[in-house]
Amino acid sequence: MKLIHIASALALSAVIGAPAFAQEIDRPECVAPAKPGGGFDLTCRIAQQGLEKQFDGPMEVTFLPGGIGAVAINLFNTTRTDDPNAIVAFSSGSLLNMAIGKYGQWGADDVRFLATAGTDYGAVIVRADSPYQSLDDLMADLEKDPGSVVMGAGGSVGSQDWMKAAILLKSKELDPRKMRYVAFDGGGDAIAGLLGGSIQVYFGDVGEMVSHLGTGEMRILAAMSPERLPAPFNDIATAKELGYDAEWPIVRGFYMGKDVPDAAYDKWVEAFNAAYGTEEWSKLVKDKGLLPLNLSGQEMDADMKKRVERMTGIAKEAGLIQ
Amino acid sequence: MDAVFSGLASGFAVALDPFNLFLVLAGCFAGTLIGALPGIGPINGVAILLPIAYGLGFKPESAIILLAGIYYGAEYGGRISSILLNVPGDAGAVMTTLDGNPMARNGEAGKALSLSAVASFIGGTFAVILMSFFGPALASYAIHFSPSDYVALMVFAFASLASLVGSNPVKTLLGAVIGLMLASIGIDANTGVPRFTFGIPDILAGIDFLVVVIGLFGMAELIHLVEQQAAGTLKTLKIDKSFVTLKDLAFVKWTILRGSVIGFFIGILPGTGASVASAVAYGAEKRAATDSSKFGEGDMRGLAAPEAANNASAGGAMVPMLTLGIPGSGTTAILLGALLLFNVTPGPLMFTQRPEIAWGLIASMYIGNIALLIINLPLVGLFARLLTIPQQFLTPLIAVLAFVGVYSVVSNPHDLYMIIALGVFGWFLRKLQFSLAPVILGFVLGGLFEDNLRRALSISAGDWTILLSSWNSIALYGLALLVVVVPIVLGRRKRNRAEDEAPKAPA
């Protein structure tokens, strides 16, 4: 009997390709606006596993790479503006793009922010055998010559990965434009570059280090968080306590199309609120290397818009926009 | 070594569990069909089935075995529509069209399908064997491959593809330049500036490789078919019952081996995949051949090399994923996501923490390869009959499948328009006697070349000597020189000899 089920499922799945459109949440879908394996993927996995009990069927995670989220926001502003089934993962990087106009005409007011998955922080990472034992060692070299250290991350110049490095340099009044920054195509390639010795310092996220923590291959010099993080990251010093005013929180959450009917939006908010209270949710968020941040509905929408405003300010200071 | 054997033994115990064995077979079969559909390749196959495998509540090792079977099956299946329809089944099967389709048109469809099945089997098995014995060592080699080494690899790839320069070098070069131009569209990673996007957000991240392949190759071929049909010049093909013989296999045995080695090593590098592997294998093979005049017209070597290479690279891409948790290709990135979904952390710790998954997966690949050969050989006759479907039914069917396939990957209607536009463009190029392979290769290799060159120069702060700073690079530049110079020397010597032997023959 089981075999028949599987066989029919296989046959069916070969036929179904495109997501269906309907006014009910009958095919919950989380859109990760990137290639698989990165932070957006992780964000969608939290929704997929965390909201498992809230919906009948499994939530589908789809990938919509393109323009660091620009393709997704464009799609949800042109064709899928009222799709009640789909939520789109976003991060502070997406907010930054909204803030500096990377998404063209689309900004923070063109989406409906729904809920947060959790929060993460930037991390300064070196190889286990690196001469840099502490952030001070690294900063000493950078202060002598910002161009003397090869640093890299998974995003382009002007992306949030680049901003982590830029903010760290700015904390000592160093010019970010003088640093030697290598832009990789995603965190995976950048980690390979770090382990292979192409770059000396990698600016990643604390969360993505979960699967690499036990291996002893890399060392986290500092977390870019306001205070110490809970276990297993409690041994990691913060940049702030070491005397560098370099914070880079990475909110991870979901938005929906602007014209989604209130009924569907509220149903999603309810689903998130129901999940937030459970122990499974906190464990899940922790397993994925995130810290709890439970915001949903109008309150969350307002908070995100405030963050975008703040980022516009930072971007102006850093000279990214006029 | 003992650890490998005991690991493999425990892995086979997992993989030979009747239910898991069934999943391997089901995955391979479904994968072959998925791969055979134009446009739908391993990435969509795995991505579509992942939530289903999860929803059915399989154990992690069972689910990952099923997905790996689909991955493998789709790599096998990709060759079918390349050979029969001249429409690449997926991005890695572009080179397969170059000699596979002419073979089918020469009435050797059965032979092409069976030969490529054997080449795929050998390539795939070769990769699994190397992976199980030298996985960790290979992975650490792969990550030490620096951006400057990738530059050298791309130079080698371009050099070996110089063999594609056919009767009209200018058009070949123009084609490659068109490919390079297409590759430069999108946000430039090193400056964050959008290039040639004309304010269209859909192409901010560039044009997806699949869109280029399906557009330039697939749609152009379909338009060509319709045109031929309208003109009444379309020849219907007879069902052929040809099959690969031992003599054929003996003829291509070194080709398959070379293809497997090239494919595997390119596959383990993160950032390069089946498309680069098969292109380099094809180019190198044509360069190495003493008589390459038949390439492009249905030479068995031109089919065996890319097929062995793309299956070997599928296995190779598993190496960094399993040993380091770094995906070596788009499909392995989804498999990585699948592992995380089941709360299994991939990486070196997986072999000690969850050996049943790591070794079960590896053992299932051995079984999957054998299963695929057994499934594919008897189906050759059935697939070959595809060609007897009347064109007025076949052409729209292929078009629909290609659109569905592309949409299921990119989920963006804009790319469907791109496919049509590129299809018309490709058709014009064909009318002007351009070969489309250089366009595709310019697109793939050019993008990788630029990204890595600029990464290398960022690392060295603009010092060009970094390009020659490792033995990997120097060896690759040496090889590049070799594949350019040796055929010229050999060709000249052969011509001299021919002139000596037949001095009176007209030139």
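# A tour of chains A and B

Select B:Phe196 to begin: with 12 other C-beta atoms within 10 Å, B:Phe196 is exposed (a residue is exposed at 12 or fewer other C-beta atoms within 10 Å of its own, buried at 20 or more, and partly exposed in between, with C-beta atoms placed from the backbone). Residues are numbered from 1 along each chain as its sequence is written, chains are lettered from A and ligands numbered from 1 in the order in which they are written. The model is predicted: local features need pLDDT of at least 70, side-chain atom pairs count only at pLDDT 80 or more, and totals for chains, interfaces and linings use all residues.

The backbone of B:Phe196 has a positive phi of about 50°, although B:Phe196 is not a glycine. Its setting is the loop between β2 (194-195) and α8 (209-231) of chain B (helices, H or I of at least four residues, and strands, E of at least two, are DSSP runs numbered from the N terminus).

Next, select A:Glu173. A:Glu173, likewise not a glycine, has a positive phi near 60°. The loop between α6 (160-170) and β6 (180-183) of chain A holds A:Glu173. A:Glu173 counts as exposed because 7 C-beta neighbours lie inside 10 Å.

Now display strand β4 of chain A, residues 111-127, where 16 of the 17 residues are buried.

- Strand β9 of chain A (residues 249-257) runs antiparallel to β4(A) and is joined to it by 9 bridges; here A:Phe113 faces A:Tyr255.
- Strand β7 of chain A (residues 201-205) is antiparallel to β4(A) over 5 bridges, and A:Gly122 stands opposite A:Asp205.
- Strand β8 of chain A (residues 218-223) is antiparallel to β4(A), with 5 bridges; A:Val124 is opposite A:Ala222.

Colour chain A by domain: the assignment gives domain 1 (20-119 + 250-317) and domain 2 (121-249), with bounds from an automatic or database domain assignment. The C-alpha centres of these two domains of chain A lie 26 Å apart. Their contact takes 16 residues from domain 1 and 17 residues from domain 2 of chain A (two residues are in contact if their C-beta atoms, placed from the backbone, lie within 7 Å). On the domain 1 side, α2 (39-50), α4 (92-99) and β9 of chain A each supply at least two residues. Of the elements on that side, α4(A) gives the most, with 3 residues.

Turn to chain B and select helices α4 (residues 60-85) and α14 (residues 355-384). Their axes come within 9 Å and cross at roughly 30° (axes are lines fitted to C-alpha atoms, for helices over the stretch in contact, and angles run from 0 to 180 degrees between N-to-C directions). The crossing of α4(B) and α14(B) is right-handed, that is, the near helix is turned clockwise from the far one by less than a right angle. Among the residues of α4(B) that meet α14(B) are B:Gly69, B:Tyr72 and B:Gly73; the α14(B) side includes B:Gly360, B:Ser364 and B:Gly368.

Finally, which residues touch the most other members of the largest nonpolar core? Among its 271 residues, they are B:Leu67, B:Leu335 and B:Ile440 (such a core is a set of buried Ala, Val, Leu, Ile, Met, Phe, Trp, Tyr and Cys residues joined through C-beta atoms within 7 Å). Helix α5 of chain B (residues 94-143) gives the most to this core, with 22 residues. The core also draws at least three residues from each of domain 1 and domain 2 of chain A. Centre the view on B:Ile440: leaving aside neighbours within four places in sequence, B:Ile440 is in contact with B:Val94, B:Gly179, B:Val212, B:Val213 and B:Leu216.

Technical notes. Two strands pair if DSSP finds at least two bridges between them.
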